[in-house]
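Morning, everyone. I have one structure to go through, so please look at the screen.

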Amino acid sequence: MFNDFYTKYEYGMKMLETELEILLHAFELEHGYTPVEHMKSRLKTMPSMKKKLESKGYEPSIQNIEKHVSDIIGCRIVVSFLSDVYDVVSLISHSPNIIIKERKDYISNPKESGYSSYHLIVLVPVYLEHHVEYIQAEIQVRTVAMDFWASLDHKIRYKFKEAIPVEVQEEMEEYAKDIQELDRKMYHLNQIMNKYQ
Ligand code: 0O2
């Protein structure tokens with residue numbers, strides 16, 4: 001039964017969610033607060049996986065999906081402050097059950113669109129009938145402000161497809177800078193608040 005492609009990834013997603021919940025609970029016990037506002041996982045739909053393969057110039061096949069689509073399992077962790085992003089990334093990096101394959105720091109180096117978030121491409125174990133298989137997942141860690149920007153950007157991309165008007169792009173680039181500044185101010189405020197604890 002575990003040979004089924006989607007079932008394997010469903011189990012992988014459950015493994016990842018459980019491991020993240022344990023890690024975040026341990027963090028809360030140690031530090032007395034939780035940095036996470038909310039966390040959500042999803043499995044990429046087959047049409048979306050095929051679209052991604054096409055955009056990369058690969059034939060649609062299960063082998064190609066497993067090899068070239070790193071976010072079949074996607075998990076998004078939204079945190080309060082900029083410092084929380086790096087705390088959560090460090091927490092995940094130290095997990096014995098998650099292997100870090102790649103790091104993409106779009107916070108230090110935002111994408112051209114203005115998109116900013118910290119991505120980890122990880123390997124998680126799935127316990128099959130006769131062996132353990134490590135499968136890929138993408139974890140996105142970002143602040144509430146970055147999440148607000150990304151969700152608006154997502155809606156814009158859906159509405160305009162490829163041809164986003166320059167005026168809209170320029171506005172979004174500007175707002176991305178505002179978001180960066182807001183995150184910096186919120187981080188500063190958090191540091192002030194910590195002095196009173
Ligand atoms: P969706 O709808 O979230 O599934 P790679 O696989 O590394 O060769 P890829 O997949 O482009 O190339 O990696 P990248 O750039 O790290 O982006 C992965 C995901 O980050 C995207 O998944 C989005 O979720 C998010 N993302 C990246 N750039 C942007 C952006 O400009 N705006 C928004 N809103 N999100 C972005 P998908 O599969 O493209 O989309």
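Arg-42 has a polar side-chain atom 3.4 Å from an oxygen atom of the ligand. That is a polar contact, meaning a pair of N or O atoms within 3.5 Å; within protein, one must be able to donate a hydrogen and the other to accept it, and residues adjacent in sequence count only if both atoms are side-chain atoms. For Lys-111, an N or O atom of the side chain is 2.4 Å from a ligand oxygen. Asp-153 puts a polar side-chain atom 2.6 Å from a ligand nitrogen. The protein buries 71% of the 740 Å² that the ligand exposes when taken alone (Shrake-Rupley method, 1.4 Å probe).

Two notes on the source. This is a predicted model, where local features need pLDDT of at least 70 and side-chain atom pairs count only at pLDDT 80 or more, while totals for chains, interfaces and linings use all residues. Residues are numbered from 1 along each chain as its sequence is written, and side-chain values use heavy atoms, with hydrogens and water left out.

Now the shell. Around the ligand there are 18 residues, and Lys-44, Lys-52, Lys-104, Lys-111 and Asp-153 come nearest; a residue is near if one of its heavy atoms lies within 4 Å. What is the split by residue type, nonpolar, polar and charged? The shell has 3 nonpolar, 5 polar and 10 charged residues, with Asp, Glu, Lys and Arg as charged, Ala, Val, Leu, Ile, Met, Phe, Trp, Tyr, Cys and Pro as nonpolar, and the others, Gly among them, as polar. Helix α5 gives the most, with 4 residues (helices are DSSP runs of H or I, at least four residues, numbered from the N terminus).

Conventions
Helix = DSSP H or I, 4+ residues; strand = E, 2+ residues; numbered from the N terminus.
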